[in-house]
Amino acid sequence: MAIRNIMNYQKDDILRKKSKTVEKIDGRILSILDDMAETMYQADGAGLAAVQIGILKRLVVIDAGEGLIKLINPEIVSSYGEQQETEGCLSIPGIYGTVKRPEQVEVSTLNENGDSVILKGTGLLARAFCHEIDHLDGILFIDKASPESLYNSDASTERK
Ligand code: ZN
């Protein structure tokens, strides 16, 4: 396992590209997922998409406090309700904003063994599913956040 460099929205255009479907789950894919998990935990994030470490594959890791989840080719198949909470992103350091998301989603995905499974997420986990799956299509939370809610946590810090 290895900690990878996290792409930054101000200099890495790759974050705006669409990730490709994973055709074969082999040792290389599993090792990318391991690196993604390690990188996410080291950065203290709740989720990470492969594009955020510069790899245009439809891979996501999430830990929203309910344990590590690895997703391969995930898709949201149903959503219910609405929530508006503050979001941030490891690729957009210091910036936070309010995003409207479904309260609950169901995600169809492959797991590490190549089995097709349906996962249900509510609250923070639902938000993490939506945020990370957006990354696979080049969408960032700042595109969806209400503009007046966006703030820079660094800017409010007093400089000495
Ligand atoms: Zn993100």
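This briefing walks through the main features of the structure shown above.

The model is predicted, so local features need pLDDT of at least 70 and side-chain atom pairs count only at pLDDT 80 or more, while totals for chains, interfaces and linings use all residues. Residues are numbered from 1 along each chain as its sequence is written, and side-chain values use heavy atoms, with hydrogens and water left out. Good places to start are an open sheet of five strands, a zinc ion and a nonpolar core of 18 residues.

**The sheet and its helices**

- Five strands make up an open sheet, in the order β1-β2-β3-β6-β7, with antiparallel pairing. Strands (E, at least two residues) and helices (H or I, at least four) are DSSP runs, numbered from the N terminus, and two strands pair if DSSP finds at least two bridges between them.
- At the edges sit β1 (47-49) and β7 (116-122), each of which pairs on one side only.
- On average, neighbouring strands of this sheet are turned by 40° against each other, direction ignored. Axes here are lines fitted to C-alpha atoms, for helices over the stretch in contact, and angles run from 0 to 180 degrees between N-to-C directions.
- Between the antiparallel strands β2 and β3 there are four bridges, and Val 60 stands opposite Leu 71 in β3.
- Helix α1 (residues 27-42) lies across β1, β2 and β3, at about 40° to β2.
- Helix α2 packs on the sheet and touches β1, β2, β3, β6 and β7, its direction making about 125° with that of β7. Contact means heavy atoms within 4.5 Å.

**The nonpolar cores**

- The largest nonpolar core has 18 residues, and those with the most contacts inside it are Val 60, Ile 62, Leu 71, Val 105, Leu 125 and Phe 129. Such a core is a set of buried Ala, Val, Leu, Ile, Met, Phe, Trp, Tyr and Cys residues joined through side-chain atoms within 4.5 Å.
- Two or more residues of this core come from each of β2 (59-62), β3 (69-80), β6 (104-110) and α2 (124-135). The largest share, six residues, is that of α2.
- Leaving aside neighbours within four places in sequence, Leu 125 touches Ile 62, Ala 64, Glu 66, Ile 69 and Lys 120.
- A second, separate core of 14 residues includes Ile 32, Leu 48, Val 61 and Ile 72.

**The zinc site**

- Cys 89 (SG), His 131 (NE2) and His 135 (NE2) coordinate the zinc ion at 2.0 to 2.3 Å. Donors are N, O and S atoms within 2.8 Å of the metal (3.2 Å for Na, K and Ca); water is not among the atoms, so sites may look incomplete.
- Along the chain, the donors follow the spacing C-x41-H-x3-H.
- His 131 and His 135 are separated by about one helical turn, because they are four residues apart in helix α2.
- His 131 counts as buried at 7% relative accessibility, and His 135 is buried at 0%. Buried means under 20% relative accessible area, exposed over 50%, and partly exposed in between (1.4 Å probe, protein chains only).

**Cysteines**

- The structure holds zero disulfides, a disulfide being a pair of cysteine sulfur atoms within 2.5 Å.
- Cys 89 is buried, with a relative accessible area of 10%. For Cys 130, the nearest cysteine sulfur is that of Cys 89, 14 Å away, and Cys 130 is buried too, at 5%.

**Two positive phi angles**

- Asp 44, although not a glycine, has a positive phi of about 65°. Asp 44 lies in the loop between α1 and β1 and is exposed, at 71% relative accessibility.
- Asn 73, also not a glycine, has a positive phi of about 55°. Asn 73 lies in strand β3 and is buried, with a relative accessible area of 16%.
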